Amino acid sequence: MRSAREVAEVLLKALEDKDLQAGLDRSILNSIPLIKGTLKRNPYIEDLAKRVKKAKDEVLGNIEYYIDKTMDNIRRFKGVAHFAKTREEVYKILDEVVGSEKMVVKAKSMVTEELKVREHLIERGNEVWETDLGELLVQLDKSKPMHTIVPSIHITKERSAQLLRGLGFNGGVEEVREMIEFVRRFLRERFVKAHVGISGANSVDANSGAVILVENEGNIRHVTNLPNIHVSIAGVEKIMPSYIDAICQAMVQAANIGTYPPTYLSAITGPSSTADIEFIRLYGVHGPKELHIILYDGGRIKVLKEGIFADQLHCIRCGRCQLECPIWQLAGNMWGGEVYGGPMGVIWTAITEGVEKAAPLALFCLNCGKCKEVCPMDIDIPNMMSELKRYYHDIRTS
Amino acid sequence: MFIDNIRRYRLPLPVEASVLTSWAYDLEIPRDKEVVMYTGGLYQLVPYIQSTVNYLEGLEGRKGVGLAVKIGKALRKVIDFAKVIAKPSRDAVKRQMDILKAIALALRKINVDFGYLYEEEPYSGVLLHDLGMEDEFKKHAKLVVDLFKERGVKKVITIDPHSTYAFKHLYPKFLGATDFDVVNYIEILAKSDFKGRCEDISYVIHDPCIYARYENLIDELRSIIEALNVKYVEPENSRELTYCCGGPIEVLSPRLAKKVAERRVEELRRYGKRILVACPICYANLKRAAGEELEIYDLSEIIARCLI
Ligand code: SF4
């Protein structure tokens with residue numbers, strides 16, 4: 001287990017990182033007023049959030065039932081349902097479905113970060129491209145996402161230009177528009193050639209297996225539509241009891257990011273199909289021929305049973321707690337584990353990487369309660385932080 | 001180090017008893033009462049905390065120093081402590097004493113009958129809890145509860161957020177229901193009908209996180225200020241959305257704590273030069289970040305000035 005001092009050193013180093021600091025300042029300055037404005041203009045979001053929380057209580061309280069139900073209904077709508085307990089099981093499924101020497105396009109998703117899907121597929125000899133602009137920059141930068149929604153806040157436009165040069169971009173550092181144009185053209189070729197598209201899921205409806213995805217760039221539409229095979233990976237906590245609840249979750253998340261309504265809201269139930277010729281239903285028309293949905297446990301079910309960190313599974317990954325946390329505002333996801341950072345991230349680190357990883361991080365929680373105050377799911381993060389602090393101490397003294 | 005001090009001296013820092021109690025002698029507050037005003041030593045320690053944290057910040061900058069070990073050794077005894085840590089200025093010490101007196105006088109003014117335990121007053125132990133040392137905290141809390149019982153204390157009037165939170169929430173959580181009632185002086189004042197008159201100046205409110213988000217003492221604070229006829233401004237991060245002063249991590253990383261405070265100061269100064277706080281820890285941290293740039297006042301200082 002790392003010591004408090006080692007964590008302090010990382011955090012103090014983050015303070016010296018000028019690009020990170022500038023990026024954090026920009027994202028705080030831009031996002032918070034945007035989110036507050038959105039919530040004020042759409043007061044019904046608060047009611048929806050309550051509804052979502054209740055729906056999640058229902059699912060999390062009966063998780064096995066809902067996993068089974070979701071699997072059955074995915075199959076009913078001609079999708080392929082998978083359940084993976086561990087990372088290795090996910091890899092095994094991916095090896096079967098994707099294989100090697102394929103072109104893979106990816107949508108941004110935290111759970112695929114957690115699983116290191118991109119790294120695994122590359123290792124298997126595939127060509128893999130992140131298609132969210134920010135995530136592509138992170139891929140090229142070989143760093144880690146600094147924010148759940150805007151992963152590349154630590155990458156300046158100068159650095160972006162430099163990274164894109166590696167792909168053939170030759171415009172100036174001020175030409176952000178040109179950079180986007182370049183990426184658009186660059187990825188367009190890959191979208192068309194790609195064999196497999198991989199996405200996460202904002203939520204999954206247990207009644208139909210529908211996968212809900214929210215975005216603004218439009219890349220997810222390509223990822224989930226152009227390749228022959230679409231694989232969606234979702235943590236089991238993303239299951240919602242009904243289609244409308246699943247959509248509500250996506251709406252609440254989008255509003256708490258400040259881009260509301262989101263440019264694109266996709267709900268995908270089964271592979272693309274037609275019955276236009278003599279009512280014979282055939283699959284794979286313009287969209288994918290195969291839709292695979294992997295429901296991933298990764299320790300979550302155990303967490304639900306043990307109770308201590310169960311509250312965190314209500315998380316809809318809006319990143320609001322990060323933006324508003326004084327420590328995250330100073331250190332970004334440097335205050336975090338390998339994937340998740342900030343208030344929610346310390347607890348998610350406990351869930352996905354173990355309490356030993358998370359406990360020393362938790363010491364730096366101010367216990368100021370702001371994360372809980374702004375969280376649309378009213379998750380009691382400070383309380384879980386206290387548990388981690390206690391754990392740190394128990395280990396140190398024993 | 002702090003932990004060790006709590007074990008030995010029942011306080012996070014080793015200071016002499018007179019530092020803690022002198023304010024009350026001046027007011028001749030009685031000892032044996034069922035209702036006591038509880039300071040937890042926090043206000044009295046502010047100047048010493050400031051010196052200590054400055055000292056720690058100096059150490060933190062240096063590479064290769066085993067911070068905890070080194071200061072642990074250095075600050076273990078009253079004598080060593082006095083040697084290493086710069087003695088706070090008389091003004092700084094007096095200011096904190098005046099704050100305590102102001103609170104006591106305000107309570108007297110509205111006819112609250114109360115005593116004070118003087119050197120017997122125990123520390124609440126809240127720092128132990130904040131650092132994750134729950135077993136130690138529980139043990140400490142038990143001692144406190146026993147002491148209150150032995151001294152016949154039925155009701156505790158708290159004057160700072162941290163002790164309030166400890167007594168109201170943590171003690172029941174760890175020890176079950178306690179035999180004494182806990183009430184914060186802001187609650188008492190807000191319910192009374194005292195009046196005040198003040199110069200025509202306005203203050204920017206900095207709500208303490210604990211009052212705002214854990215104790216829901218938001219409107220009470222404002223009703224006191226209004227009763228005093230004092231004007232105030234609400235910053236963007238106000239009420240439930242208030243912003244932390246950084247204090248809770250000042251012993252872990254003074255530099256990081258100061259950065260948090262600087263962010264808050266950056267916001268507050270956009271609204272005005274005079275800041276109103278209601279917590280000794282907030283006072284110490286914001287002061288450390290703001291220097292002379294802002295004037296920071298404790299609620300009680302304003303009460304003292306305006307009460308008629
Ligand atoms: S913990 Fe709450 S605020 Fe933070 S990302 Fe999850 S849902 Fe959003």
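The side chains of B:Glu236 and A:Lys36 come together in a salt bridge, with 2.8 Å from N to O, where a salt bridge is defined as a side-chain nitrogen of Lys or Arg within 4 Å of a carboxyl oxygen of Asp or Glu. The model is a predicted one, in which local features need pLDDT of at least 70 and side-chain atom pairs count only at pLDDT 80 or more, whereas totals for chains, interfaces and linings use all residues. Residues are numbered from 1 along each chain as its sequence is written, chains are lettered from A and ligands numbered from 1 in the order in which they are written, and side-chain values use heavy atoms, with hydrogens and water left out.

Across the interface of chain A and chain B, the rule finds 4 salt bridges. The elements of chain A that each supply at least two residues of the side touching chain B are α1 (4-16), α2 (18-41), α15 (326-331), α18 (370-374) and α19 (381-397), helices and strands being DSSP runs numbered from the N terminus (helices H or I, at least four residues; strands E, at least two). Of these residues on the side of chain A that touches chain B, the largest share, 7 residues, comes from α19(A). By residue class, that side of chain A divides into 15 nonpolar, 6 polar and 10 charged residues, with Ala, Val, Leu, Ile, Met, Phe, Trp, Tyr, Cys and Pro counted as nonpolar, Asp, Glu, Lys and Arg as charged, and the others, Gly among them, as polar.

In total, 31 residues of chain A are in contact with 33 residues of chain B, contact meaning heavy atoms within 4.5 Å. The two chains bury about 2,800 Å² between them, and 58% of this lies on carbon and sulfur atoms; buried area is here the accessible area (1.4 Å probe) that two parts lose on being put together, summed over both.

A search of the whole structure finds 50 salt bridges over all chains. Side chains of opposite charge can pair when their charged atoms come close. A further salt bridge joins the side chains of B:Arg263 and A:Asp25 (3.2 Å, N to O), and this pair crosses between chains, from helix α13 (residues 254-268) of chain B, which holds B:Arg263, to helix α2 of chain A, which holds A:Asp25. B:Arg263, at 24% relative accessibility, counts as partly exposed, and A:Asp25 is likewise partly exposed, with a relative accessible area of 36%; the classes are buried, under 20% relative accessible area, exposed, over 50%, and partly exposed in between (1.4 Å probe, protein chains only).

Within chain A, the side chains of A:Arg300 and A:Glu237 meet in a salt bridge of 2.8 Å, N to O. This pair links distant parts of the chain, 63 residues apart, with A:Arg300 in helix α13 (residues 300-306) of chain A and A:Glu237 in the loop between β7 (229-235) and β8 (239-240) of chain A. A:Arg300 is buried, its relative accessible area being 0%, and A:Glu237 also counts as buried, at 2% relative accessibility. Elsewhere in chain A, a network of salt bridges links A:Lys106, A:Arg118, A:Glu119 and A:Glu130.

In chain B, a salt bridge (3.4 Å, N to O) is formed by the side chains of B:Asp146 and B:Lys142, both of which lie in helix α8 (residues 134-150) of chain B, 4 residues apart, about one turn of the helix. B:Asp146 is partly exposed, with a relative accessible area of 35%, and B:Lys142 counts as partly exposed at 43% relative accessibility.

B:Tyr38 lies in strand β1 (residues 35-38) of chain B and B:Phe167 in helix α9 (residues 161-175) of chain B, so the pair ties together parts that are 129 residues apart in sequence.
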